[in-house]
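Open the model in your viewer and keep the selection panel handy.

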Amino acid sequence: MTWEGTAVSLAVFLPVAGALVIALVPRSRVSSARTLAVLFSGAALVVGIAILFGFDYGSGSGLQFELHTTWIKSIGAGYHVGLDGISLPLFELTLLTTFLCAVYSLNRMPTGASPKAFLALMLLLETGMLGTFVAFDLALFFVFWETVLVPMYFMIGVWGSGNRQYAATKFFLFTFFGSVFMLLAFIGLSFQATPHTFDIQFLQQHGGAISHGLQLILFGGMFLGFAVKVPMWPLHTWLPDAHTEAPTVGSVLLAGILLKMGAYGFIRIAFPTLPYAAVKWAPYIAVLAVIAIVYASLACLAQRDLKRLIAFSSVGHMGFVMLGIATMTTVGINAAIFGMVAHGVITGMLFFEVGSIYDRYHTRQIAEIGGGVLRKMPKLGGALALTAIASLGLPGLAGFWGEILALLGAYQPGPGLDVGLYRTLMVFGGIGTILTAGYLLWTVQRIDYGVVPERWDQVALEDTTRVEWLSWAPLLALIVVLGLVPTVVFGITNDAVRALTGFFTGGG
């Protein structure tokens, strides 16, 4: 077995091995557990960096670092993993974000039960997220997909803030509800294959032969599973509660990675395996995406809790991702993948910053913070300002390319789609970008600027710590690099996206 065949599996399962090791650490050795979390997530990241350098970017759309072997022969399920230009950016983003969360946890652990249990769950969560992005078998994909559910439930329910149990239960029920229908769709898709198989590549080649009526039904099942995870309006209501109550690291991973799993499912599975249904469902997805963009922006303008505001912003930003996917074009889907990476970097960073503000002020209420953060803590305030203007899509920063190219894709959607409808949606999406700029600039003005309130004027508040800088610097750097050099992502994704859109657009 070659290095290429084992590298992906090594990166995926190193974190869960770390979780098992941490579970054996005595409860009194909290510092050892923190160090182990950094070491194991760091080791997985090192493997990911090696994969990044070993990836053949000139090979087009082919699957690399592939391992395909028998797993559950009786049902036609195999252990099939690998990477292509679509999954590689999300795979690397997961490795980096989890490692930075482990670094952040060196001195910023949530209060509650055993810290080592929290760190073990974080590593188990990483394995589930990584596995979802590399699985090329529907049964294996579903196992990794569901693996994510349990650790996130406990991270919110045990280590979250005041209303944590309600938020965790709501997260679990929404996600589990969608997953049931998704699994039924996977089984139905498998039964339509000859021979019966869960292999995604095989199903992409033969899914178009399924009757049109059945395609519409199977796509509906997948839609429920993936749309809840994105989350798409009106299935989004679990997200603000989960984000608001989750500990900082939980919010970073939820926004940075978990939301991308749903959008990735549409790109990897639903659209290419059920091409007729994709064309029929795409306009509805596009409409829901634009509703999410405008609705989330208006909701953000009404928020008083800083963390809840950032949570609602994720609904809007993922709306741009889903609009890009729904265009069914190479431009749109490239924009969606770039938007996922940019959102993971930017919003993950925003949740880090909000967590650090809460650690100092012990409140997330914008009115209670009262402004003057930039004067009181210039480094933290400056980082917040940079991240916020990146989130609103300022040219030259990471948030720009995904949004502008999603709107461009809507101007000329794929074959079989209503051009007039999509151009109308493009206009409303553009209005959403203006509203987004409005609420983010207003938030920065209320938090960063103005006079320091009297209640905080004489209080010594520590500016950004060394550990915070260590965990934030890579994300801040990526915000700038991705904005100035977008080909860092587009150069990886374009060939694979073009090949994938060929299943439903003839090359898009």
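Start by selecting Asp305 and showing its neighbours: Asp305 touches Thr244, Arg364 and Gln365, leaving aside residues up to four places away in sequence (contact means heavy atoms within 4.5 Å). This is a predicted model, in which local features need pLDDT of at least 70 and side-chain atom pairs count only at pLDDT 80 or more, while totals for chains, interfaces and linings use all residues. Residues are numbered from 1 along each chain as its sequence is written, and side-chain values use heavy atoms, with hydrogens and water left out.

Stay with Asp305 for a moment. Its place is the loop between α12 (275–301) and α13 (306–326); helices here are DSSP runs of H or I with at least four residues, numbered from the N terminus. Asp305 is buried, at a relative accessible area of 11% (buried means under 20%, using a 1.4 Å probe and protein chains only). Now look at its side chain, which reaches the backbone nitrogen of Lys307 at 2.8 Å.

Next, select helix α14, residues 330–361. Because 29 of the 32 residues are buried, α14 is largely enclosed by the rest of the structure. Step just past α14 to His362, which takes a positive phi of about 60 degrees.

The structure holds 4 cavities of 30 Å³ or more, and the largest cavity has a volume of about 140 Å³. On a 1 Å grid over the protein atoms alone, a cavity is a set of points where a 1.4 Å probe fits but cannot get out, a pocket is an open set with protein on both sides within 12 Å along at least five of seven lines, and lining residues have an atom within 4 Å of a point. Grid points are joined across faces, edges and corners, and a volume is the space filled by probe spheres set on the points.

To find the largest cavity, select His317, Gly339, His343, Gly399 and Glu403, the closest to its centre among 15 lining residues. Which element gives the most to this lining? It is α14, with 6 residues.

Last stop: the second largest pocket, with a volume of about 350 Å³. Of its 16 lining residues, select Leu52, Pro89, Glu92, Leu93 and Leu478, which lie nearest its centre. Helix α3 gives the most to this lining, with 5 residues.

Technical notes:
Helices (H or I, at least four residues) and strands (E, at least two) are DSSP runs, numbered from the N terminus. The expected span of a helix is 1.5 Å times one less than its number of residues. Buried means under 20% relative accessible area, exposed over 50%, partly exposed in between (1.4 Å probe, protein chains only). A polar contact is a pair of N or O atoms within 3.5 Å; within protein, one must be able to donate a hydrogen and the other to accept it, and residues adjacent in sequence count only if both atoms are side-chain atoms.
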